[in-house]
Every structure is written in C-alpha cells, then in structure tokens.
Amino acid sequence: MATEGSRAFAQVNAFKIGLLGALGVLVALVIGGLVTQLGTVLIYVGVALFIALGLDPLVSRLSKRMPRGLAIGVVFGFVVLVLAALLLTIIPIIVEQTGNLVNNFPTYISNLQAQQWVKDLEQQLSGVVSVDDIITNLQSFLSPDKILSVGGGILAVGAGVASGVTGTVIVLILTLYFLASLRSMKRVTYRFVPATKRASFADITEQITAAVGRYVVGQISLALVNGVLSFIFLTIIGAPLPVLLAFIAFLLSLVPLVGTVTGSAIIVLISLLASPLTALVAAIYYLVYMQVEAYLLSPRIMNKAVSVPGAVVVIGAVAGGTIGGVLGALVAIPIAASVIIIIEKVVFPQQDAK
C-alpha cells in the first residue's frame, strides 16, 4: 500500500512539475512577444533617458543660480529651439537634395559612363567584365521607381516621415519627464536596496549616470564636429549634395567607430558621381579625419567619459542596430558603458576581496 501511495504521489509531483514548466515556458514566450512588440517604445524610452542624463549636468549647474524647475525649462526650451531650427532649415534642404539624388540619378549615371576613366577601365577589363553592364544594372536597380517601391512606395515613405516626427515628439516628452523626475526616480530606486548597501549602490549609480551623461554629450559633440567639417569640406571640393552628405556624416557618427567609417564610405561612393578626383580627395580627407578624431578629438572630448573597448563598440552597435536600427545602435553603446562601470566598480572589487 505504501509503495502504491508513493508511486501515485510521485506521479502527481511529476505532473505538477511538468505543468509548472509548461506554464513557465508559455509565460516566457508571452513576455518575449511583448518585448518584441514594444521594442520601438523601449528604444524611445532609452534614447530619452540617455538624452536626459546628458542634459542633467547642465541643469545641475544652472540650478545653482535658479530653481531647478526653471533650469529644466531653460535647458529643455533651448533644445527644442535648436531642434525646431534644424527642422525648419536643414531638413527641407535634405529632403530636396534627396529628391534630386533620386530623380537625377540616371543623369549622374550617364555622366559617369561618359567619363574617360570609365572608358579606359572598360578597355582594360575587356573580355573579363563589362563595366558598362555593371553601371547599367546599377542604374536599373537604383531607378526612382525601384527606390520608391522599397517598403511600399510613396505611402510607406510618408508613413515613415510621420513615424519619425511622432517618435521625435515622444522622445522630447519623455526627456522632459526624465529631467524633471530624475532625482526622485533615483531615490525610489535606492529604496529597493537594503539600507546597509544603499550608500554603496547610490555611489555606483551616480558614477554610472554621470559617465553615461558625459559619454552621450561627448559623442554628440564629435558627431557635430564631423558634420560641420564635412559640410565645409564637401562644399569646397564641389561634392554633390553637400548638405545631405554632411547630415549622413553627422547621423552615422553618433554610432562610434563603426558609424564614422560607414558614413565616410557612403560619402566617397556618392562623390564618385561627380568625378574620380572628387572621390579620391574625399577618401583622403576622411582617412586623415578619422586619425585626427581617434588620436586628438576623441581623447580631448571623451577624456572624462568611460572608455569602451573597440570590440565592445562593434558588437554593441551591430546588436543594437539589428534590434532597433540606428536608435538601437545609439542606445547599445551607453548600455555597454554602464555594464563596464558595473564590472569595474562591483564585480572586480568583489573578486579581489575574496
């Protein structure tokens, strides 16, 4: 009897364990699905939080001379004015030049085929590969109709613009909220930590937020330098669509290491539509600029921010870009910086104390 009761009890326990395991897997799948669906929202929250961390030091400085609420209003108002000025001045030019690139692309291709160096290259590669066929296929692939058909056509482009504007407004609202409640959010977070460890946790948190804030400000500063210098240089050498190319340089430079190289390659390829000499001069300039940025600008601007190894930057940028595009790549680097601080300030000291 006891043996039969034990078997029945074991069967019941096995059933309960299996049922709980299945429920656990189901809950994990539901959570994973929710995270996937809310990926864009989470990226908006992350971008707004990092912007708030970058603006908080300026707010703290101003709050020494005026109430913090007024300091937040001044800083946030300045950011909104700068953004509005960019939207009203630069963005229309970028949209116009993008349209010109799409509509005039066949003309660019025809001019490229008529250049002497293309004809010389065609003769040298005769019997091996047809340069003219490559250019013709490129023209067919990048025709305006093909470009507009990517992602569903004009309606998809309009929806993308509307989504970008909506996302910008959401990020601005979240940034204002985080700026206003950053201190209270920290205090509430500290309450979840036992009192004996609260001071140490608060110190590490302050170091993380300060370092991430400096990192965000430093990276935006480097991107601005690249964008402004690119516009000046591309205008001087007569590169096509200098405002659009400078904007590409600025946007991609927000992603460290990977973005600058990618943006430079795109600019050099588009400069090839003007002439091979223009592309060559642009290539030389960006090779020199990347050295200046790596050994002069970056150490001076980012000297107080946490140093993120190049391999971690590449992995973080690729992973973040895969999950959330450009915004995901931007958020991934500060997250990596935070993890490095935690390892340096928490994990290593604990291991050294053993």
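Is leucine 251 buried, partly exposed or exposed? Here are some notes to read beside the model, with the answer in point 6.

1. **What you are looking at.** This is a predicted model, in which local features need pLDDT of at least 70, side-chain atom pairs count only at pLDDT 80 or more, and totals for chains, interfaces and linings use all residues. Residues are numbered from 1 along each chain as its sequence is written, and side-chain values use heavy atoms, with hydrogens and water left out.

2. **The overall picture.** The protein has 13 helices and zero strands; helices (H or I, at least four residues) and strands (E, at least two) are DSSP runs, numbered from the N terminus. Of the 354 residues, 32% are buried, where buried means under 20% relative accessible area, exposed over 50%, and partly exposed in between (1.4 Å probe, protein chains only). Among contacts with a separation of 6 or more, 67% join residues 24 or more positions apart; contact means heavy atoms within 4.5 Å.

3. **H9 beside H10.** Two packed helices are described by the angle between their axes and the distance between the axes. For H9 and helix H10 (residues 242-253), the axes come within 8 Å and cross at roughly 160°. Axes are lines fitted to C-alpha atoms, for helices over the stretch in contact, and angles run from 0 to 180 degrees between N-to-C directions. H9 and H10 are therefore roughly antiparallel to each other (angles under 35 degrees count as roughly parallel, over 145 as roughly antiparallel, 65 to 115 as roughly perpendicular and the rest as oblique). Residues making this contact include Ala223, Gly227 and Phe231 of H9 and Leu245, Ala246 and Ala249 of H10. By class, the residues of the contact of H9 with H10 are eleven nonpolar, six polar and no charged. Here Ala, Val, Leu, Ile, Met, Phe, Trp, Tyr, Cys and Pro count as nonpolar, Asp, Glu, Lys and Arg as charged, and the others, Gly among them, as polar.

4. **H9 beside H12.** The axes of H9 and H12 come within 11 Å, crossing at roughly 155°, so these two helices are also roughly antiparallel to each other. In H9, Leu222, Val225 and Phe233 are among the residues that meet H12, whose own partners include Tyr285, Tyr289 and Glu293. The contact of H9 with H12 has 13 nonpolar, six polar and one charged residues.

5. **A bend in H12.** Helix H12 (residues 276-301) bends by about 45° at glutamate 293; the bend at a residue is the angle between axes fitted to the seven residues ending there and the seven starting there. Glu293 is also one of the buried residues of H12, along with Thr278, Ala279, Ala282, Tyr285, Tyr286 and Tyr289. Their cover includes helix H9 (195-237) and helix H11 (258-271).

6. Leucine 251 belongs to helix H10 and is partly exposed, with a relative accessible area of 31%. Its C-alpha atom is separated by 8.4 Å from that of glycine 263, twelve residues apart along the chain. Serine 264, in helix H11, is buried, with a relative accessible area of 6%. Leaving aside neighbours within four places in sequence, serine 264 is in contact with Tyr286 and Met290. Leucine 241 lies in the loop between H9 and H10 and counts as buried at 10% relative accessibility. Most residues other than glycine have a negative phi. Leucine 241, although not a glycine, has a positive phi of about 55°.
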